[in-house]
Amino acid sequence: MEEYIELFKLYPEQFPRGYFKHLKSSLQEHINKNTLIYNNGVLITWKIYKNKTKKYKRGDVKLCHFINKQPGNNQATIAMNSFLQTYPNLKLEVRNNNIRALKFYKKCGFTKINDIFFGKLFPGQVMERIC
């Protein structure tokens, strides 16, 4: 668990201190539900919606976390391609200041479908990939 939390600490602009308040319990929930993969320094968590919400419909798969321990080593691309074989239609939320992630997701075929805010201060977007 601590190894996973350390990954988030590598990106303080994306995951400020307040983010860690519930991170451990969130990761534990993903472990319990078998919705966490950690391989070759890349951590992936996701959620499959069982009920309709304002942003998601029943059956939507949302990529919750996608973190690479060593950016630029091609492991993120390998992990994403592998993940997309199981879940080719995905949605995700990303902050607009996370330029590297935005470029990566666009390269992987995601497109912006909506604007959102993380809290009141951080603009972002919902992105989707449909095959």
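Among contacts in the chain (heavy atoms within 4.5 Å) between residues at least 6 apart in sequence, 49% join residues at least 24 apart. The model is a predicted one, in which local features need pLDDT of at least 70, side-chain atom pairs count only at pLDDT 80 or more, and totals for chains, interfaces and linings use all residues. Residues are numbered from 1 along each chain as its sequence is written, and side-chain values use heavy atoms, with hydrogens and water left out.

Four helices and six strands make up the secondary structure of the chain; helices (H or I, at least four residues) and strands (E, at least two) are DSSP runs, numbered from the N terminus. Read from the N terminus, the order of the elements is α-α-β-β-β-α-β-α-β-β.

The C-alpha trace spans about 35 × 35 × 30 Å along its principal axes. The radius of gyration of the chain is 14 Å, in agreement with the value near 14 Å for a compact globule with 131 residues; this radius is taken over C-alpha atoms, and the globule rule is 2.2 Å times the number of residues to the power 0.38.

Of the 131 residues, 40% count as buried, where buried means under 20% relative accessible area, exposed over 50%, and partly exposed in between (1.4 Å probe, protein chains only). Gln14, in the loop between α1 (2-9) and α2 (23-32), is buried because its relative accessible area is 14%. With residues up to four places away in sequence not counted, Gln14 touches Arg95, Asn97 and Asn98.
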